[in-house]
Amino acid sequence: MTDALLSRIEIRFLDAASNPRALALDAPTAARESSTIRDGIGISANLEHALGGTIVRTTIANRGGDTVRLRSAIFEVSTGFAPGAPARFFKHGYQSWSASGGHVVAAAQTHPRDTAHFITRVNHQSETTRPPEFPEAQTSELFTIVESSNASGRVLAGFIGAATSLSTLTVSSPEKIVARAILDDVSLAPGAHRELDPLFIATGDESAARFAARWADATGRWMNARVSAPFQRGWCSWYHYFHAIIEDALRANLKSLEAMRSEFPLDVIQLDDGFQSALGDWDTTNAKFPGGLRKIAGEIRAAGFKAGIWTAPFLAARDSRLMSHHPDWFIMHAESGEPVRAGHNPNWTASDDKFAYALDASNPAFRAHLHRLFAKLTREFGFSYLKLDFLYAAAAPGRHHDPNLTRGETLRRGLEAIRAGAGDDAFILGCGCPIGQAIGVVDGMRIGPDVSPYWGSTASGAGDPSTVYALDAIIARSFMHRRLWLNDPDCLMLRARETRLTADERAALAATIVGSGGMLLISDDMSLLDAEAGKLFRAVAQIAEEIDSNCAQEPVLALDLMTNGDVRGLISKNADGGAIAMLLNRGDAPARVDRSDLKLGTAEIVALDLAVDEKIEIFDTIDLPPHSARILRVSR
Ligand code: 9PG
């Protein structure tokens, strides 16, 4: 097994004359502190062995007479792997919708996003333009895992905190991981110091998924993750109605859900995008919702459900009251002085440009507005479930009100203002959110791109809605559930009409969602669902809840986190030695899996095909049609 270690720390900064400077520190080798000071800038690093690895805590201090600006902190980790042997690394995505998966080290120098539009890059990367030595194709966000074909064991390096900056890890060759805290030219005044988020380095023989869960455990603990909300079952308006939702359709579904309570036992009814009078004005409705939000929340609650609402709190369009009253609350483009564009959607605005602009949460006046707004939505209107979307906008680059905050801190301050306004009792669901900064603030998090009423993608696979990419993400990020928050795998669509998903595809979506133990939300026009759909819903809800309860002990783990084959799976072990597994064939050809490949020993396995509600005892092989999945019950 390999013995990874930290070899070097380097701080990059701009001096008072804006000249780029660097200060390096040879890393301490044992569990002790080391420090250096030059030209008034000091670094000290403390190594501690804990949580089965090494934790590196670093502080930068300005002991000189001039303000400096910090660019980044770089940590070089030697993996111990041979430079020449083929190796793989886990490339973890930036935000909810960004893809995660295993890649061959040094296979690619360029990434499709290198030439993509700014809005795609601000969506899916912690930096819209990567420095040349840290190419996007070789860079993972927050943590990475490296494995080599010539060695047993894996190396994990990752930041277990994210309150103070965005961070990445670059693997350009197998022998070295370069971890980087992105400090955004934040000022450090004379006498001031800044403590960086801790870096965690570990080696071990366990599976990559278990390793990832170890990172999530450490991170959740460091950041006081909110992991104790009850299992969530709900209904969401988006994946049937999209922008066309109207008040009467919402009301009709509410009536159905009330009447079908025993068939579809749900707790939350959540109105999604489409109600707001303008993008940015979240407390007033458009002509499709004449009753207004207070009335809607009241009706949902009177029917015995929790009322949920969608907002995109860090975005606004030109035709909003917010943008016309507060043009100074936006992140500004450093050169043009124009507000920074973070989204584009013709459905969102009547303004000519169709852009959505990024609000600046480093501005206390805007944060006070967030606090008031979410206090109003919760305490005055009665919403207790808040889906906060397009949160990456708060971390957009540009000129900010407060030069002392990094983009990571800016996003976190914004989220904290929302939590403070909404109160501790509200269930907050993050979406489109950079993964680290929300830990400890949100109760739930979307961990993949949007599902859709069709299987494949119509476009680039760059986070666009697509059921199959959503399934990939549910598997790749399953280990986060109940460690960082409750995972939201996105919605189940049960309807057999007004969809292009086949029965097998709908069942594959159901099996993957329940196999993850995550939140269970349906998104259908309830008038399209019959007793059969209700039976399926109750069956999957029961399995999902069972898997969720296993997560207190054992994380749900991907059968293989580092490869990207057509057959993928999840496994959840329970306390008495049994397990529930999910096997997915995401490919376009039939697949056959040998039960010996599942390494489940001689246990009895019963497969459940949700599409036909059929139980099959498994002897040697499991056959999976294209775009299908099976739930496997493994006895002890
Ligand atoms: C509402 C929707 C739903 C959905 C969210 C989010 O890249 N894109 O073009 C893109 C479009 C929509 C989108 C995500 C990405 O969906 O995930 O659940 O709330 O907003 O507009």
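Me: On a 1 Å grid over the protein atoms alone, a cavity is a set of points where a 1.4 Å probe fits but cannot get out. What is the volume of the largest cavity?

Reply: This is a predicted model, in which local features need pLDDT of at least 70 and side-chain atom pairs count only at pLDDT 80 or more, while totals for chains, interfaces and linings use all residues. Residues are numbered from 1 along each chain as its sequence is written, and side-chain values use heavy atoms, with hydrogens and water left out. A search of the whole structure finds three cavities of 30 Å³ or more. Taking volume as the space filled by probe spheres set on the grid points, the largest cavity comes to about 80 Å³.

Me: How many charged residues are in the lining of the largest cavity?

Reply: Its lining (residues with an atom within 4 Å of a point) includes Tyr94, Ser126, Glu141 and Leu142, together with Pro434, Ile435, Gly436 and Gln437. Sorted by class (Asp, Glu, Lys and Arg count as charged, and Gly as polar), the lining of the largest cavity has six nonpolar and five polar residues, and the charged residues number one.

Me: Which helix gives the most to the lining of the second largest cavity?

Reply: The second largest cavity, with a volume of about 40 Å³, is lined by Glu247, Leu250, Arg251, Leu254, Ile296 and Glu299. By class, the lining has three nonpolar, no polar and three charged residues. With four residues, the most is given by helix 4.

Me: How much of the area that the ligand exposes when taken alone does the protein bury?

Reply: Of the 13 residues around the ligand (a heavy atom within 4 Å), those that come nearest are Tyr239, Asp272, Asp273, Lys387 and Asp450, and by class the shell has six nonpolar, one polar and six charged residues. An oxygen atom of the ligand lies 2.7 Å from a polar side-chain atom of Tyr239, and an N or O atom in the side chain of Asp450 is 2.5 Å from a ligand oxygen. Of the 460 Å² that the ligand exposes alone (Shrake-Rupley, 1.4 Å probe), the protein buries 81%.

Me: Which residue takes a positive phi in the hairpin of strand 33 and strand 34?

Reply: Strand 33 (residues 605–609) and strand 34 (residues 614–618) pair in the antiparallel sense over five bridges, where pairing requires at least two. Asp609 has Glu614 in strand 34 as its bridge partner. Four residues lie between the strands, and the positive phi, near 55 degrees, is taken by Asp613.

Note on methods
Helix = DSSP H or I, 4+ residues; strand = E, 2+ residues; numbered from the N terminus. Polar contact = N/O pair within 3.5 Å; in protein donor to acceptor, adjacent residues only side chain to side chain. 1 Å grid on protein atoms, 1.4 Å probe; cavity = no way out; pocket = protein on both sides within 12 Å on 5 of 7 lines; lining within 4 Å.
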